[in-house]
Amino acid sequence: MQFAGRSVALDTSAGIWLAESAQSAKPDTVAALVPASFEAVARVFHPAVRYVGDDDVEVPWASVAAANGTTPHPLMQWGSVTGSMEYFENDDQSPLWHGAPARGHLPAPVAERLVQVLTGWTTTPDVCWFAVAEGGAVITDHPTLSLPRCEYWLINGPIGLASANMAAEPFEQSANLWWPADRAWCVATDVDLVSSYVAGSAACIAEVLARPDLEASPVEFTQRITWDADQVNPPPADAP
């Protein structure tokens with residue numbers, strides 16, 4: 001079995017450090033996704049999309065919040081920003097945006113920008129690990145890396161694979177976890193979330209936050225990642 005042309009690893013020991021960290025973390029917190037042993041962590045918001053002809057124009061969450069009279073902040077949640085859980089999947093707010101932020105998938109353009117930053121913060125950019133969440137119609141007996149929230153298949157390769165499509169066309173799926181062999185940083189895109197988390201040194205994360213083409217905020221490892229974590233904006237009217 002392959003993802004992005006790379007064979008699935010038969011040895012998952014490269015990810016044991018992540019499994020051990022996640023198992024000791026409080027569930028539904030940032031630390032359950034990326035190890036709290038790192039100095040700092042940033043939340044990267046997946047953009048909504050406006051269709052303009054054949055082009056997909058990224059729409060930041062801050063713009064969506066402004067249009068809805070809600071407040072952008074590091075813990076904002078899509079349902080609270082837009083006012084409805086329906087806006088995760090089944091509706092839009094045309095003409096502002098037509099496609100909701102990708103859930104469980106880091107859009108390739110965003111991944112490419114992260115690669116541009118993170119390449120400079122590892123000594124092993126040509127030797128990285130990528131984890132793809134188990135699921136779909138794939139049936140295989142390849143071993144998986146077991147984390148509390150999911151099982152993952154592993155592949156390895158250069159850092160550029162972070163923007164590769166791990167799914168068969170016409171579907172799109174990024175790696176859900178990726179990190180370099182020197183463990184200088186780690187990126188997590190949980191299957192249920194519409195944002196990703198990047199952990200690393202304070203200087204590395206500062207550079208991520210400084211990128212004008214990334215909508216990112218500093219967060220704490222203890223902060224919750226659930227749909228109701230937004231304590232600034234009112235909960236969506238159709239909240240569970």
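1. Let's start with Trp179, which counts as buried at 1% relative accessibility. Keep in mind throughout that this is a predicted model. You'll find Trp179 in strand S9, which covers residues 177-180.

2. What does Trp179 touch, leaving aside neighbours within four places in sequence? Its contacts are Ala14, Gly15, Trp17, Leu18, Cys128, Trp129, Ala131, Leu154, Trp185 and Cys186. For a sense of scale, Arg113 is 66 residues from Trp179 in sequence, and their C-alpha atoms are 15 Å apart.

3. Next, have a look at His105, in the loop between helix H3 (78-82) and helix H4 (108-118). Is His105 buried or exposed? Its relative accessible area is 13%, and buried means under 20%, so His105 is buried.

4. The side chain of His105 has a polar atom 2.9 Å from the backbone nitrogen of Ser174. Ser174 also turns up in the contact list of His105, along with His46, Glu172, Gln173 and Thr189; residues up to four places away in sequence are not counted there.

5. The axes of H4 and helix H5 (residues 202-210) come within 10 Å and cross at roughly 140 degrees. H4 and H5 are therefore oblique to each other, and their crossing is right-handed.

6. Which residues meet where H4 and H5 touch? From H4 come Leu114, Val117 and Leu118, and they meet Cys204, Glu207 and Val208 of H5. By class, this contact has 5 nonpolar residues, 1 charged residue and no polar ones.

Notes: Residues are numbered from 1 along each chain as its sequence is written. This is a predicted model: local features need pLDDT of at least 70, side-chain atom pairs count only at pLDDT 80 or more; totals for chains, interfaces and linings use all residues. Side-chain values use heavy atoms; hydrogens and water are left out. Helices (H or I, at least four residues) and strands (E, at least two) are DSSP runs, numbered from the N terminus. Buried means under 20% relative accessible area, exposed over 50%, partly exposed in between (1.4 Å probe, protein chains only). A polar contact is a pair of N or O atoms within 3.5 Å; within protein, one must be able to donate a hydrogen and the other to accept it, and residues adjacent in sequence count only if both atoms are side-chain atoms. Contact means heavy atoms within 4.5 Å. Axes are lines fitted to C-alpha atoms, for helices over the stretch in contact, and angles run from 0 to 180 degrees between N-to-C directions. Angles under 35 degrees count as roughly parallel, over 145 as roughly antiparallel, 65 to 115 as roughly perpendicular and the rest as oblique. A crossing is left-handed if the near helix is turned anticlockwise from the far one by less than a right angle, and right-handed if clockwise. Ala, Val, Leu, Ile, Met, Phe, Trp, Tyr, Cys and Pro count as nonpolar, Asp, Glu, Lys and Arg as charged, and the others, Gly among them, as polar.
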